[in-house]
Amino acid sequence: MLKSKVFNVLVGFRNNSGIGKFHLLGRIISSAMAGNNCSASKVPKYAAGTQPFTVLIEGNIGSGKTTFLNHFQKFQEKICLITEPVEKWRNVRGVNLLVSTNFYELMYKEPERWAMPFQSYVTLTMLQSHTQQTQKPVKLMERSIYSSRYCFVENMFRNDIIDAGMYHVLQEWYEFIDNAIHVQADLIVYLRTSPEVVYERMRKRARSEESCVPLKYLEELHKLHEEWLIKNRGLNTNVIVLNANLDLDHIGSEYKRYENHIINPAYTRQQQAVLVSPSKRPHME
């Protein structure tokens, strides 16, 4: 029965063109998932039991994620630090997709064309980071598959950069990953910033890929981070909210305040779900 259903959908996929194919692809994935429901509970998730206490560092573009990771370099004997795989996004297997540009830059300059393949590749590379094994007791990751799903992909859909068909195909993949792959997420550190501050930082660091990013885009991403990590409290994941508007001369003390949460998993598990630096919270609201 399952083979027959999938065959019928594949025939429809072959006979359709354009955006309709993405709707049919979603049906193909759904059919495959539905056919495996009876055995899903008997098969452990991929990478289950292989990951240490994992902390996800989240925030808008320019919120200071790299600075945060650099602060924790001194604990590298205990912590596996995994940065965002930007270099992979800039060059896929050593091939530039267009002359004088790269995959990451294309996503910003021609989002209607490149957003879908770019986000597909982001999902793959993030899963590689999530499932990367380490003997160290703590893993610190710059961003995650969750920020891709709840912030960047969601923003593309709301702005009609990807249409409903593309969006639902990506959502089907995320749901399949939820069901089949173990993504460890014990704590999220949200580097909370204002869009105006990160816009100015982005202009100063002058990455070529980000030269065309407007303030409006940062405002939209900020709103989605707030929905995910403040309003919805990280969807049942412990969240620490830090004021990342501080300049580099003062941000170190803010990071130091929560070192124990990062390097001591037992300490974090005893804390409340959402923690905000008391002296900084009024400035962020």
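Biologist: Is Met166 buried or exposed, going by its relative accessibility?

Modeller: This is a predicted model in which local features need pLDDT of at least 70, side-chain atom pairs count only at pLDDT 80 or more, and totals for chains, interfaces and linings use all residues. Residues are numbered from 1 along each chain as its sequence is written, and side-chain values use heavy atoms, with hydrogens and water left out. Met166 lies in helix α9, residues 164-180, where helices (H or I, at least four residues) and strands (E, at least two) are DSSP runs numbered from the N terminus. Because buried means under 20% relative accessible area, exposed over 50% and partly exposed in between (1.4 Å probe, protein chains only), the 12% relative accessibility of Met166 makes this residue buried.

Biologist: How many Å apart in space are Met166 and Met116, C-alpha to C-alpha?

Modeller: In sequence, Met166 and Met116 are 50 residues apart. In space, their C-alpha to C-alpha separation is 6.9 Å.

Biologist: What is the relative accessible area of Ala47?

Modeller: Ala47 is found in the loop between α3 (37-40) and β1 (53-59), and has a positive phi of about 75 degrees although it is not a glycine. Ala47 is buried, with a relative accessible area of 12%.
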